[in-house]
Amino acid sequence: MRTSGGSVWWWVGGAVVSLVGATLLARQSIDEQRALFETDARIVHRLLSQQVVQHDAILDTLALLQPGPDSAGATPPEQRLPALYPHILAVQRRDRGATWPEAALTDAEARSKATKRPALADLDLGSGRYRLVQAAEPAAFALTIDLKGMVPWSEWPMQPQTSPVQVRLEHADQAFELQPGDAAALSAGTGWRFEFRKHLAAASQPFDVVARQQLGWSRLPWGRMLGWVAVVAGVLGLLAQWQRQRTARRRAEELLRLGQVARLNTLGELAAGMAHELNQPLTAVLANTQAAQRLLADDPPELDTARSAMAQAVAQARRAADVVGRLRTAVERPKHRGGAEASDGVVDLAEAVQRALHLLDPECRRRSVQATLQAAADVRVQADPVAVDQIVHNLLMNALQAMEGVDAARRALTLSVGAAQGHGELVVADRGPGIAAEALPRLFEPFFSTRDGGLGLGLPLCETLAQGMGGALAAANRPDGGAVFTLRLPLSKTSA
């Protein structure tokens, strides 16, 4: 039915809105976490760059000032640096004419002299420390630096032990881990991967700051996403409830309208029957009183009285006939007074059937009847839309009532719409008990009913409406059980 199809589209639309909203929330969260990661990584790079630049500045200061011992046996001033900078583990010095205790320091001094900046000596990041040599005269200097110790943890933007971000210093094939991050997520590789890589600001210490974070599915904002889905479901539920109430109200209004039309048409049919039944005795009364008036006119006794009485009888009889005639005129269906007026509209027969099925959908579900409509394309008839709606509604309602005494598994209602010989046809076939042979010829007689308590005016009214529109209504029994009603109406000029 149209209602169920509409509900399906409501829920499909809701699912799409839920998915799009949840996706946008997830994307927003991912973008926010990516921005936070990049901000933290840039802060880390700035802090570490400040440290390595400071190392160059310390060596440049030592080379420029060339500090020496204050007196024999006194501690050289450069040896006080570890006390000021705890991450500087040791300071070595080579005076003029002396040699370094290790060849690696000698090589680093040669490179420092060539590049005119500090140089790394035998770098081993895995050990957690490195040595930096500055060539100068008369003395050269070397610093041993602790990688972990040089990190300004008080200004560090993350919690080193709990942050999911891994931070490492890398150079060539060597690496030193400053912050472990979420190793399990990084090894799993599922979700979204953020990575930051940038050289430190000092050319003498060509380390890369590398930050990595693996954003797994568990880090998505599932609470907000589920909340959004719940909100959409709630709104859809309210809209569905509103739609059901709106549909029920429209169905009730349409049924009320059809009921009012049916009552008016039934009253017209009843008035027409009464006029037909009363006109015969009234005509007889009129003829008899006129004959009596003539006979009494030949009788000498009380001629004036007899004439007066008969005249009054004639007047009353004519008055009664006029009253009945006026009643019939007042309630007669306007569109049946003239043949042309009854067919001044164009009705899509399949749409009329769908409207009736929509109105009777609760009745079909209550009776467990599955209605099937087979309709040819564009079958339009020349007819009164209200009259067609009433005929189709009556035929379907009669079919549903006829199947009440049949086993629910056998109940079925088949409707087919087509065109043949210049007429549009609607065939209504049910799986009820059928029409008794003795009742079939009298089915369209007024006041004849096969149902207890029925007035016997529904089918006669439908036949009258069909004939008034230039069509016909016929009834028959199906060979395999059940009744078949066929409504034929003239095709409209646009369909012909």
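Analyst: This is a predicted model.

User: Which residue just after α10 takes a positive phi?

Analyst: Within α10, the buried residues are Leu459, Pro460, Leu461, Cys462, Glu463, Leu465 and Ala466. Just after the helix, a positive phi of about 80 degrees is found at Gly470.

User: Which strands stand at the edges of the open sheet, and why is one side of each left without a neighbour?

Analyst: The sheet is open and has five strands with mixed pairing, in the order β10-β12-β13-β15-β14. Each edge strand has a single partner strand, so one of its sides has no neighbour in the sheet. The edge strands are β10 (370–375) and β14 (472–477).

User: Which residue in β12 stands opposite Ala375?

Analyst: Strand β10 pairs with β12 (residues 412–420) in the parallel sense, over six bridges. Opposite Ala375 in this pairing stands Val417.

User: Which strands does helix α7 touch?

Analyst: Helix α7 (residues 349–359) packs on the sheet, and its direction makes about 170 degrees with that of β10. The strands it touches are β10, β12 and β13 (423–430).

User: How are α7 and α9 oriented to each other?

Analyst: Helix α9 spans residues 385–402, and its axis is 9 Å from that of α7. The crossing is right-handed. The packing angle is about 55 degrees; α7 and α9 are therefore oblique.

User: How many nonpolar residues does the contact of α7 with α9 have?

Analyst: From α7, the contact includes Leu349, Ala352 and Val353, and from α9 it includes Val388, Val392 and Leu396. By class, the contact of α7 with α9 has two charged residues, no polar ones, and nonpolar residues numbering eight.

User: How many of the residues of β8 are buried?

Analyst: In a regular strand, side chains alternate between the two faces of the sheet. In β8 (residues 208–215), Asp208, Val210, Arg212 and Gln214 on one side are buried, as are Val209, Ala211, Gln213 and Leu215 on the other. Both faces are thus covered, and the buried count is eight of eight.

User: Which residue in β8 is the bridge partner of Phe196?

Analyst: Strand β7 (residues 192–199) runs antiparallel to β8, joined by eight bridges. Strand β5 (residues 166–171) also pairs with β8 in the antiparallel sense, over five bridges, and its Val167 stands opposite Ala211. The bridge partner of Phe196 in β8 is Ala211.

Methods:
Residues numbered from 1 in each chain as written. Predicted model: local features only at pLDDT ≥ 70, side-chain atom pairs only at ≥ 80, totals over all residues. Heavy atoms only, no water. Pairing = 2+ DSSP bridges. Helix = DSSP H or I, 4+ residues; strand = E, 2+ residues; numbered from the N terminus. Contact = heavy atoms within 4.5 Å. Axes fitted to C-alpha atoms, helices over the stretch in contact; angles between N-to-C directions. Buried < 20%, exposed > 50% of the residue type's maximum accessible area, 1.4 Å probe, protein only. Parallel < 35°, antiparallel > 145°, perpendicular 65-115°, else oblique. Left-handed = near helix turned anticlockwise from the far one by under 90°. Nonpolar A, V, L, I, M, F, W, Y, C, P; charged D, E, K, R; others polar.
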